[in-house]
Amino acid sequence: MTKRILLAVLGLLLLLAAAVAVNTMRQGSRQVTVAPAPPLALDTAAVADKLAGAIRFQTVPSQDDPAFNAGEFRKLHAFLEQRFPLVHAKLQREFVGGLSLLYTWKGSDGGARPVMLMAHHDVAPIAPGTEGKWEVPPFSGQVKDGYVWGRGAWDDKGNLVAQLEAIELLLASGFQPRQTVYVFSGADEEVAGQRGAKQAVKLLQERKVRLDFVIDEGLVLTEGVIPGLAAPAALVGVAEKGYTSIQLKVSAPPGHSSMPPPAGTTAVGQLTTALRRLEQEQFPAELKGVARELFGTLAPEMHGLQRVALSNLWLFGPLVESQLAKGASTSAMMRTTTAVTIVNAGNKENVIPGVAEATVNFRILPGDTRASVMRHVRSKVGEGFELKEWPGSVDPTPVTPTDSHAYRVLERTLRSLFPDTIVAPGLYIAGSDSQHFVPIADNIFRFSPVRARPEDLPRLHGTNERISVANLGELVRFYHQLLRNLNAPAP
Ligand SMILES: [Zn+2]
């Protein structure tokens, strides 16, 4: 009898294992195969020299003062004019909101929706006290050991120089775009883009412009960042998470600390309970939406257990979700995150305070909203709390569909230039100027093929920011080929 049960169990296990194996093998690669892009004669040393020159202007913006460092911005504009003569002769250049740049390259087909390349030219400041940790001074603009070093090399002057270089080359070859091509370069992206991107959108709305797509900074070409994936990955950001901070305030009778009321009833006690609930009963981490499409695209390219598990979510779904939820970066792709950032109460060591306050920051997953986050907080903390949303809150952006013509052109361009790289949609967790373009763009992509390994990630807004000269050449080829592919008939 026991033997028969054992055999039955064994048989069932074998069947399950067979189903898992078949499913794993059946999930073929979703990567498109395309012919390699034609070679492009490119003087990468000359491009590196242009980027180094652009880095020397200290274009650090100020949130409140539009004239801050204006001289540096204007010198950079003059430098670009001198180094990209064809761009400035053939394209229209307009100043938006004072210091941001909008270039227009008229297309031959007035009925075709225009496209927009974006790359801001303001930069993040150098954290005080870290200047000495740079291998080369951050605004010296040096090319050394195969890299262009300095603030803005990666974020985001590298992309701007590459876009202008690609257009300069296309103009020199007599290329005429079918769709009108805009280049927008914000001068205040690092301080939220209210003067630049926001005004540019207003201007284009007045002109009744509707864009086919926008491509801006965001995710990059990562190597060794995704566990189980040996190949480099080009994750194309198809949505941006939303952002909100909520202040919680609770009051209770103040008193002397020699006769405290029952535990949990003081303002601090109630706040502590509320914060613990918010941390422990967070939004669930689920493999859905962009995260599901991302891991579904990566699964067939992975090795070992990761591939088996991701190819068999019908069986391993809960296990995979709990594993991914443990990593901070994968968890952030799967849920609206909760982070307590400010706590305030009390000012005397022997007085029980009558008021306690805290602020909790949420990064909102597409599917949730500012309003649903507010409802969530209310349901966890109860009616006794005053809740207030901080200024600067935004809903998540819509998700750009991956079955659009624009996505396909982008995907094919990447595969023709980086044939070993896996292209997949991803979720951008930070913010970019492109968020302002939601009202006027059909598709928004937050991606550039800047190569980054895990050890490079702290260079962004950090110390020793740099881009390799070879990679800068790849950026030029990417924008050059993307614009050429747009002129080709739809595949
Ligand atoms: Zn940036």
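How many of the residues of E8 are buried? Select strand E8 (233–240): eight of its eight residues are buried, and the strand is mostly covered. Buried here means under 20% relative accessible area, exposed means over 50%, and partly exposed lies in between, with a 1.4 Å probe and protein chains only. Strands (E, at least two residues) and helices (H or I, at least four) are DSSP runs, numbered from the N terminus.

The model on display is predicted: local features need pLDDT of at least 70, side-chain atom pairs count only at pLDDT 80 or more, and totals for chains, interfaces and linings use all residues. Residues are numbered from 1 along each chain as its sequence is written, and side-chain values use heavy atoms, with hydrogens and water left out.

**The whole chain**

The chain has 14 helices and 17 strands, and 52% of its 491 residues count as buried. Contact means heavy atoms within 4.5 Å. Among contacts in the chain with a separation of 6 or more, 81% are between residues 24 or more positions apart.

**Around E8**

Two strands pair if DSSP finds at least two bridges between them. E7 (211–222) runs antiparallel to E8 and is joined to it by two bridges; Thr222 has Ala233 as its bridge partner in E8. With strand E15 (residues 422–428), E8 pairs in the parallel sense over seven bridges, and Leu235 stands opposite Ala424 of E15.

Next, select Glu223, in the loop between E7 and E8. This residue counts as buried because its relative accessibility is 19%. Leaving out residues up to four places away in sequence, Glu223 touches Pro232, Arg451, Ala452, Arg453 and Pro454. Glu223 and Arg451 are 228 residues apart in sequence, yet 7.3 Å apart in space, C-alpha to C-alpha. Their side chains make a polar contact (3.1 Å), and the side chain of Glu223 makes another with that of Arg453 (3.5 Å). A polar contact is a pair of N or O atoms within 3.5 Å; within protein, one must be able to donate a hydrogen and the other to accept it, and residues adjacent in sequence count only if both atoms are side-chain atoms.

**Gln247**

Move to strand E9 (residues 242–251) and pick Gln247. At 18% relative accessibility, Gln247 counts as buried. Apart from residues up to four places away in sequence, Gln247 touches Glu357, Ala358, Thr359, Glu386, Leu387, Lys388 and Trp390.

**Helix H6**

Select helix H6 (residues 197–206), whose buried residues are Ala197, Ala200, Val201 and Leu204. Viewed down the axis of H6, these residues fall within an arc of 100 degrees, so they line one face of the helix. The arc is that of the directions from the helix axis to the C-beta atoms. The cover over these buried residues includes strands E1 (92–96), E2 (100–105), E3 (115–118) and E6 (181–185). After H6 comes Lys208, whose phi is positive, near 60 degrees.

**The three-stranded sheet**

Now show the open sheet of three strands, in the order E4-E5-E17 with antiparallel pairing. Strand E4 (142–144) and strand E17 (466–468) are the edge strands, each pairing on one side only. From one strand to the next, the twist averages 25 degrees. Three bridges join strand E5 (residues 147–149) to E17, and Val148 stands opposite Ile467 in E17.

Helix H2 (residues 44–55) packs on this sheet, touching E4, E5 and E17, and its direction makes about 10 degrees with that of E5. H14 lies across E4, E5 and E17, running at about 75 degrees to E17. Axes are lines fitted to C-alpha atoms, for helices over the stretch in contact, and angles run from 0 to 180 degrees between N-to-C directions.

**The nonpolar cores**

Finally, colour the largest nonpolar core, which has 66 residues; those with the most contacts inside it are Leu80, Trp105, Val148 and Leu414. Helix H14 (residues 469–487) gives the most to this core, with nine residues. A second, separate core of 23 residues includes Ala233, Leu313, Leu324 and Ala424. A nonpolar core is a set of buried Ala, Val, Leu, Ile, Met, Phe, Trp, Tyr and Cys residues joined through side-chain atoms within 4.5 Å.
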